[in-house]
Amino acid sequence: NVPLIRLNTGKEMPALGLGTWQTEGPEVTNAVREALEAGYRHIDTAWFYHNEGAVGKGIQQAIDKGVVTRDDIFITTKVWPRNMNRQTAFGIIKNSLKELNTSYVDLVLMHWPLRRARATADVYRGLEDAYNKQMVRSLGVSNFKPAEIETLMQTAKVKPSNNQIRIHPGFNQDNTVDYCKKHNISITGYSPLGTGTILDEPALVKIGKKYGKSPAQVAIRWQIQRGLIVIPKSTHKKRIVENFNVFDFQLTDKDMLEINSIKQNRIPDFWG
Ligand code: A2P
């Protein structure tokens, strides 16, 4: 009962997934397996996280236990573009498939825009090569602002189908969200709990109490109801389960407005 978001490639992406930034080794292997056992069908990783091998192991363990098949799940990874070009970016994706022990990934994102638009366009060509070779089912970007997407679209042959950006109730990214919605580019919000910094926000605590839900669950539900994809990160089974348990309640319009009016940028964000 996780909503599926239809991408502009026609593929469907589960609206809730497990984030794996800042976790490596056996810790993330266990978290991935536990998440799949808890019902998650979407796992988010990246070359830069240095954990694709460990994530792949967790997926394999769940497959071996009969919990899921590869085709049941949606895997996202990302290419770190610094010092990359079309050929090396393609090589990195090949390497990601090997690390993840899979013949394809569902989504590959360019992790950040490069300062030079031409360099960004060239790396993106490497992603397109992987797409054309059916190593990747959909392409996208991450940490791109509207102007950067606009520029990329001038040269891209495969339109990005997702932009993954940092979003939480104290950093709602309305501007980029609106732009992407208008252009049929889905949005994934990473660090939906503000990496744990927004859980004491009074509005989230108060609204959560009404439904018997935690502030984390309210923050996650808020993104789902905005039509966004959300990837909370945890390596603790209890929280992995808790973060998935957000489909048995609904925030009212009034709740949504109250969360929308939480003060923005209270915690300084490296992301402008
Ligand atoms: P841990 O991995 O030890 O469970 P974000 O998804 O915004 O990046 O936030 C991740 C941070 O929030 C991690 O430090 C994670 O810790 C913590 N966290 C994840 N889920 C919850 C939860 N349900 N309640 C409290 N803290 C959580």
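Q: What makes strands β8 and β9 a pair, and how many bridges join them?
A: In this predicted model, five bridges join β8 (residues 162-166) to β9 (residues 186-190), and the two strands run parallel. Pairing requires at least two bridges, so β8 and β9 count as paired. One of the bridge partners is G189 in β9, which faces I165.

Q: Why are β3 and β10 called edge strands of the sheet?
A: The open sheet has eight strands in the order β3-β4-β5-β6-β7-β8-β9-β10, with parallel pairing. β3 (18-19) and β10 (229-230) each have a single partner strand, so one side of each lacks a neighbour in the sheet.

Q: Which strands does helix α3 touch where it packs on the sheet?
A: Helix α3 (residues 86-100) touches β5 (74-79), β6 (105-110) and β7 (136-142). The direction of α3 makes about 140° with that of β5.

Q: Which residues make the contact between α1 and α9?
A: A31, E34, A35 and A38 of α1 meet K237, I240, V241 and F244 of α9. By class, six of the contact residues are nonpolar, none is polar and two are charged.

Q: Which helix gives the largest share of the shell around the ligand?
A: Helix α9 (residues 237-244) does, with three residues. The shell has five nonpolar, 10 polar and three charged residues.

Conventions: Residues numbered from 1 in each chain as written. Predicted model: local features only at pLDDT ≥ 70, side-chain atom pairs only at ≥ 80, totals over all residues. Helix = DSSP H or I, 4+ residues; strand = E, 2+ residues; numbered from the N terminus. Nonpolar A, V, L, I, M, F, W, Y, C, P; charged D, E, K, R; others polar. Contact = placed C-beta atoms within 7 Å. Axes fitted to C-alpha atoms, helices over the stretch in contact; angles between N-to-C directions.
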